[in-house]
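Trainee: I would like to learn how to read the features of a protein model one at a time, with the general idea first and the particular case after it. Could we work through one together?

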Amino acid sequence: MSFGSFSSFREAIIHRSRDNLLRPYPWQTTCYPAAALLAGLLTAQIIAALQVYLSNISLYNSLSAIAQAGYLPIPNQQTMEHLREPIPAVYGGLFFTLSTGAGISLLSFAAAWVWDRGFSRNPLSLVPLLLVWAGAIVAVNWKGISPMATAYFAVIPAVVFWITLRQMPLQGPGTGWPSALVHLTAIILLASLWAPQLNNDIFLDFRDRLLLSNAFGAKINDFYYRYTLYPAEVFKSLDQKLLKTASLDSIEKKPLKALLQAKLLRHDYLPMEGKEEVDLKISESGGDLIFENKGEAILRTTPRDFLAAPAKGLRRFSLETDRYPFFRQFTYYSLLMGFPVTLYLFLYSILLFPLTRCVGPGTAVGTAVVLCVLSGILLLMPLWSGSGGDTEKGHPDRLLTSGRWQERVAGLKTIRQKRMDVSGFPSYQRMLASPHIPERYWLAKALSVNRGPETHEDLLRLLDDPSPSVVCMAFQSLGRRGDPRAIPEILNRIQTSDHWYPQWYAYRALKELGWRQGGLKQANNRIDNPLMEAYK
């Protein structure tokens with residue numbers, strides 16, 4: 001582009017902006033933030049559904065090989081068939097849409113707004129924004145090329161930026177910097193109110209008090225448990241994955257191979273014979289072990305060093321092969337901040353739509369903002385009512401006999417924290433049949449301490465609970481009680497379950513009880529100690 005054409009382009013943009021100031025202010029265009037963000041979310045959903053589907057197919061192939069080798073696949077063979085269906089990919093993709101997609105859409109919208117309102121669409125001022133955009137794309141590929149993760153950062157900003165500029169209204173009441181400061185103040189106010197609740201239990205409190213306290217919220221919770229593991233598999237590191245595949249075909253020394261096999265099985269790296277595409281391939285070179293992933297040498301170590309500290313070596317291998325650290329962090333912070341702000345802007349647009357028909361633009365904007373703040377406070381009130389020392393109100397026995405389920409849950413939390421025997425309280429049996437899911441959930445959690453045969457039967461009863469949240473906690477408690485007699489029942493439940501999330505918890509319980517994968521050729525997974533001596 002020549003200097004003359006560039007100047008003409010700049011003048012055309014400035015001229016257009018000046019003309020915009022003279023045109024009337026249509027109330028319909030006040031909803032443009034929702035339109036731009038919706039376009040970004042729809043774009044994100046398309047990318048996310050494809051990303052999750054490709055991940056599901058890859059996982060299905062891996063699990064099929066694991067099952068054929070005689071190992072126990074998680075999810076089981078019945079459930080893993082869903083990996084080839086489009087519905088889990090579409091529903092699972094919503095996780096990335098409402099986190100990563102929301103975060104990128106919000107940042108792109110803000111960039112377009114600042115470029116228009118702050119720099120009058122001056123092409124030169126676009127350069128810093130383009131550099132930030134390029135930097136994000138570089139960051140997401142820093143540990144390895146990730147085409148699907150790159151698509152979020154490459155496509156969504158372009159879509160949102162373009163639609164924002166097309167839909168953005170003329171500068172008028174409720175559209176300039178004063179309006180932006182009002183929104184910023186409202187968002188900061190809501191953030192300051194919610195911030196004290198941001199602790200390790202925020203998601204549990206949100207679930208218990210906002211979701212599981214009503215039928216509609218319970219359905220959202222069940223939806224989360226049904227479909228959340230599909231997107232989670234997309235960007236997990238090897239350390240975070242439940243099952244990994246390995247190859248020891250290149251190891252010729254049988255004693256060393258047996259030792260490596262035992263160590264790998266203990267960390268759920270399942271040795272596969274004759275399989276080329278595995279997560280970890282170990283070969284020998286000059287007396288050292290070479291750890292490979294996708295044909296690339298990742299780690300070099302000695303047999304003695306690895307066998308002495310296999311967890312450390314595998315953790316390092318996982319770290320070096322992890323391609324998604326930036327993507328995971330961005331997704332997490334988008335879920336905490338991007339999604340709530342996006343929700344605020346959607347609610348603002350919905351409220352503004354009828355208000356602009358009743359009052360002037362300025363009054364409509366102020367009223368809509370106030371209503372958004374009040375809505376955020378109303379959502380926060382159940383969390384406030386549950387904080388402030390429920391567990392300090394009295395003895396657990398008094399809390400457990402309270403007429404409010406929230407206080408009974410507080411009593412169960414106290415019992416669990418103090419490692420008390422919940423079955424010794426008179427109200428124990430009534431809580432097993434409580435109509436409140438959080439109460440049954442925390443009861444199952446509290447039963448991890450007691451190891452009596454009667455409470456064992458109660459935990460088995462909770463494994464049939466209609467809520468997957470309760471079932472997962474019942475499996476967790478069976479694992480933490482340390483009674484290996486529960487292993488056959490857990491294995492049977494895994495084989496007959498049709499729900500991935502409880503199977504995931506059941507498998508972790510098996511591991512806590514000392515159970516190990518065996519495969520058809522490694523029934524007991526035991527290696528005699530004398531073999532280890534050769535590598536000490």
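Trainee: At what angle do α3 and helix α5 pack, and how far apart are their axes?

Mentor: Keep in mind throughout that this is a predicted model. Two packed helices are described by the angle between their axes and the distance between the axes. Here α3 and helix α5 (residues 147–167) pack at about 45 degrees, and their axes are 8 Å apart. That angle makes α3 oblique to α5, and the crossing of α3 and α5 is right-handed.

Trainee: Which residues form the nonpolar patch on the surface?

Mentor: The patch is formed by I87, V90, Y91, L94, L98 and F223, which together have about 440 Å² of accessible area. Its largest share, five residues, comes from helix α3 (residues 86–119).

Trainee: How many salt bridges does the count come to?

Mentor: Side chains of opposite charge can pair when their charged atoms come close. In this model the count comes to 16 salt bridges. Among them is the one in which the side chains of R84 and E81 meet, at 2.8 Å from N to O; R84 is partly exposed, with a relative accessible area of 44%, and E81 is partly exposed at 33% relative accessibility.

Trainee: Are the partners D322 and R328 buried or exposed?

Mentor: The closest N and O atoms of the salt bridge between D322 and R328 are 2.4 Å apart. Since buried means under 20% relative accessible area, D322 is buried at 6%, and R328 also counts as buried at 19%.

Trainee: Where do D464 and R493 lie, and how far apart in sequence are the parts that they tie together?

Mentor: The side chains of D464 and R493 meet in a salt bridge of 2.6 Å, N to O. D464 lies in the loop between α19 (453–462) and α20 (468–481), while R493 lies in helix α21 (residues 487–496), so the pair ties together parts that are 29 residues apart in sequence. As for accessibility, D464 counts as exposed at 55%, whereas R493 is buried, with a relative accessible area of 18%.

Trainee: What should I read from the backbone, for example from the peptide bond between I74 and P75?

Mentor: The peptide bond from I74 to P75 is cis, with omega near 5 degrees, and P75 has its place in the loop between α2 (32–68) and α3.

Trainee: And which phi values do D268 and R419 have?

Mentor: D268 is not a glycine, yet it has a positive phi of about 60 degrees; D268 lies in the loop between α10 (254–266) and β2 (269–271) and is buried, with a relative accessible area of 8%. R419, likewise not a glycine, has a positive phi of about 55 degrees. R419 is found in the loop between α16 (405–417) and α17 (428–432), and R419 is exposed, with a relative accessible area of 58%.

Trainee: Lastly, how far apart are L371 and L347 in sequence and in space?

Mentor: L371 and L347 are 24 residues apart in sequence, and their C-alpha atoms are 9.0 Å apart in space. L371 lies in helix α14 (residues 361–385) and is partly exposed, with a relative accessible area of 34%.

Methods
Residues numbered from 1 in each chain as written. Predicted model: local features only at pLDDT ≥ 70, side-chain atom pairs only at ≥ 80, totals over all residues. Heavy atoms only, no water. Patch = residues over 30% accessible without salt bridge, like charges linked within 9 Å, V, L, I, M, F, W, Y side chains within 5 Å. Areas by Shrake-Rupley, 256 points an atom, 1.4 Å probe, with all protein chains shown as cover. Salt bridge = Lys/Arg side-chain N within 4 Å of Asp/Glu carboxyl O. Helix = DSSP H or I, 4+ residues; strand = E, 2+ residues; numbered from the N terminus. Buried < 20%, exposed > 50% of the residue type's maximum accessible area, 1.4 Å probe, protein only. Axes fitted to C-alpha atoms, helices over the stretch in contact; angles between N-to-C directions. Parallel < 35°, antiparallel > 145°, perpendicular 65-115°, else oblique. Left-handed = near helix turned anticlockwise from the far one by under 90°.
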